[in-house]
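Subject: Structure for your review

Dear colleague,

Please find the structure below, together with its sequence. I would be grateful if you could read the notes that follow with the structure open beside them.

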Amino acid sequence: MIRTGIHFEAVRLPADRVHGFASSTDREAVERAFHRAGIDSAVIVDPARRWYYALVAPGTSATWEEPGFECLGPDHYLGVPATHRADPPGTHWLLTPPGGEEDLCALDDVRKLTTMTEYGRTRWAAGTYARSAGRPVTAVE
């Protein structure tokens, strides 16, 4: 277990929501959903508890306001798998472990996942979803 809030914080994403964004529970589809959001590393999956964790910069929890998605800040602990654990069983890395703070997930990219709706996901997948200040706005025609 590693204490969050020092080197990173973690946005906890419910697996059912992530699978909804990906339209699948298949690992490749889930990875593609993260990649479409701009996230290429620093994602842990805990299949037993049915959570994904996007590792973000320290201090994120102080301003995090996405309903239904908790940001684990100072005084939380997260089970972080060894860097070579890329496959089940157990907690493992869905996407490459970060080598440093520059490899953590960008907050705006994580918000792309948390703000998706069924309509928005379809538009987002087509590349026609516009965003402003971390909130969905109108679709670009």
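**Overall fold**

Please bear in mind that this is a predicted model. The protein has four helices and nine strands. Along the sequence these follow the order β-β-α-α-β-β-β-β-β-α-α-β-β. Of the 141 residues in the protein, 42% are buried. Among contacts with a separation of 6 or more, 69% are between residues 24 or more positions apart.

In soluble globular proteins, nonpolar side chains tend to be buried together. Here the largest nonpolar core contains 36 residues, and Leu13, Phe34, Ile39, Tyr52 and Leu55 have the most contacts inside it. At least two residues of this core come from each of β2 (9-14), α1 (15-22), α2 (27-36), β3 (43-46), β4 (51-56), β5 (70-72), β7 (92-95) and α3. Strand β4 contributes the most, with five residues.

Setting aside residues up to four places away in sequence, Phe34 touches Leu13, Val18, Ile39, Val43, Tyr52, Leu94, Leu95 and Leu113.

**Salt bridges**

Side chains of opposite charge can pair when their charged atoms come close. The count of salt bridges in this model is seven. Three of them are described here.

In one, the side chains of Asp75 and Arg3 meet with an N to O distance of 2.7 Å. Asp75 belongs to the loop between β5 and β6 (77-78) and Arg3 to strand β1 (residues 2-3), so this pair ties together parts of the chain that are 72 residues apart in sequence. Asp75 is exposed, at a relative accessible area of 58%, whereas Arg3 is partly exposed, at 34%.

With a relative accessibility of 31%, His76 counts as partly exposed. The C-alpha atoms of His76 and Thr4 are separated by 5.5 Å, although these residues are 72 residues apart along the chain. Apart from neighbours within four places in sequence, His76 is in contact with Ile2, Arg3, Thr4 and Glu70.

A salt bridge also joins Glu66 and Arg111, whose closest N and O atoms are 3.0 Å apart. This pair links distant parts of the chain, with Glu66 in the loop between β4 and β5 and Arg111 in helix α3, 45 residues apart. Both partners are below the 20% limit for burial: Glu66 is buried at a relative accessible area of 6%, and Arg111 is buried at 12%.

Thr114 lies in helix α3 (residues 107-114) and has Glu66 among its contacts. Thr114 counts as buried, at 6% relative accessibility.

Arg27 and Glu31 form a salt bridge in which the closest N and O atoms are 2.7 Å apart. Both residues lie in helix α2, four residues apart, about one turn of the helix. Arg27 counts as partly exposed, at 28% relative accessibility.

**The largest pocket**

What is the volume of the largest pocket? The value is about 230 Å³. The pocket is lined by 17 residues, and those nearest its centre are His7, Phe8, Leu55, Pro98 and Leu104. Its lining divides into 12 nonpolar residues, four polar and one charged. Leu55 is also one of the residues with the most contacts inside the largest nonpolar core.

**Backbone details**

Pro88 and Pro89 are joined by a cis peptide bond, with omega about 5 degrees. Pro89 is in the loop between β6 and β7.

Ala42 is buried, with a relative accessible area of 0%. Phi of Arg50 is near 60 degrees, and Arg50 is in the loop between β3 and β4. Arg50 is partly exposed, with a relative accessible area of 46%.

With kind regards

Technical notes
Residues numbered from 1 in each chain as written. Predicted model: local features only at pLDDT ≥ 70, side-chain atom pairs only at ≥ 80, totals over all residues. Heavy atoms only, no water. Buried < 20%, exposed > 50% of the residue type's maximum accessible area, 1.4 Å probe, protein only. Contact = heavy atoms within 4.5 Å. Core = buried A, V, L, I, M, F, W, Y, C linked by side-chain atoms within 4.5 Å. Salt bridge = Lys/Arg side-chain N within 4 Å of Asp/Glu carboxyl O. 1 Å grid on protein atoms, 1.4 Å probe; cavity = no way out; pocket = protein on both sides within 12 Å on 5 of 7 lines; lining within 4 Å. Points joined across faces, edges and corners; volume = space filled by probe spheres on them. Nonpolar A, V, L, I, M, F, W, Y, C, P; charged D, E, K, R; others polar.
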